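Hi everyone, thanks for coming. Let's take a short walk through one structure together, from the inside out.

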Amino acid sequence: MFSISLHYVVSDSMNVSEPYSSFASVREFTLLGFSCEWRIQILLFSLFTTMYALTVTGNGAIVCALWCEWRLHIPMYRFLGNFSFLEIWYVSSTVPKMLVNFLSDKKTISFAGCFLQFYFFFSLGTSECFLLAVMAFDRYLAICRPLHYPNIMTGHFCTKLVIICWVCGFLWFVIPIVFISQMPFCGPNIIDHVVCDPGPLFALACASAPTTQQLCYTLSSLVIFGNFLFILGSYTLVLLAVLRMPSATGRHKAFSTCGSHLAVVSLFYGSLMVMYVSPRLRHSAGIQKVATLFYAMVTPLFNPLIYSLRNKEIKAALRKVLGHLNIIQDTLDDPSIIRSV
């Protein structure tokens, strides 16, 4: 999501007096992706297609299970349902184009398409950061303020928090993206990445824009480190509260409830920190691509597995949904039932 690495940022502080209109306009970009021989391209296409299908299916199953099971219509599972729904669109913002490029010789993306991908990829990723923070806040209230939890985390308040996460996510990078799209691009137009990312776009621009670069980096840092520190603080308080519990059963239940969320946070933010923990480190293009693929594809793939394997309620809801589907399939396959209808 936020692979705006400083080594991509153009450090030249020259002042450009020529108007942007004096440059030739680039109408499309080439997403270089993984430059390898045809057989490896086909192998990667098959692998990423399988991962994409499993990601959509797994997160979609969780959304359906939580939607159909009315007993799980509580704040914690509402947040989880929205998170799984967001993950489906998150991977869909980049992976389909990536798969098309594996089978294409040109690997091009239009100027408008590049910035649309940029916008949705970053907006959905930002919404995910906010939603993970809200989920941590929900666990903090449930464990540290159990008596006040029902009065604070009402259905109405839960809905408002979800809406705020989505709205803030889709508004966070609007201004920087508009500014970057107005920069002059006069060639070359090759982006050595798997997605349209601001770092390579800054490098391809014909004129430096230090203010826009600083704005992008500041907003990215705020959303990443701000939410991460909030999550870290919330779970520090949760840990202290759990350790004070007299019952071993209560401690185990609390750790089990928070374990899945902590695992997802570790996977997601761990890959992001690779790009930000040492901002002056010059990461190679290959490391950039692998890190991007990790938080753009691998993390959404593992999320449904993490939540379903560690949660008895979700496993029960999934079995119930699958049971209904089997009944419907058996009904459709039985000709005697169809004739009687």
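Helices here are DSSP runs of H or I with at least four residues, numbered from the N terminus. By that rule, Ile42 lies in helix α1, residues 38–68. Before I go on: this is a predicted model, where local features need pLDDT of at least 70 and side-chain atom pairs count only at pLDDT 80 or more, while totals for chains, interfaces and linings use all residues. Residues are numbered from 1 along each chain as its sequence is written, and side-chain values use heavy atoms, without hydrogens and water.

Now the inside. Buried is under 20% relative accessible area, exposed is over 50%, and partly exposed is in between, using a 1.4 Å probe and protein chains only. Contact means heavy atoms within 4.5 Å. Leaving out residues up to four places away in sequence, Tyr269 touches several residues, including Cys129, Leu132 and Phe228.

Staying with α4, which spans residues 111–144, we find Phe120 there. Is Phe120 buried or partly exposed? Phe120 counts as partly exposed, because its relative accessibility is 36%. Beyond its neighbours within four places in sequence, Phe120 contacts Ser93 and Phe170. The C-alpha atoms of Phe120 and Tyr90 are 7.8 Å apart, although 30 residues separate them along the chain.

Back to Ile42: at 31% relative accessible area, Ile42 is partly exposed too.

How values were computed: Helices (H or I, at least four residues) and strands (E, at least two) are DSSP runs, numbered from the N terminus.
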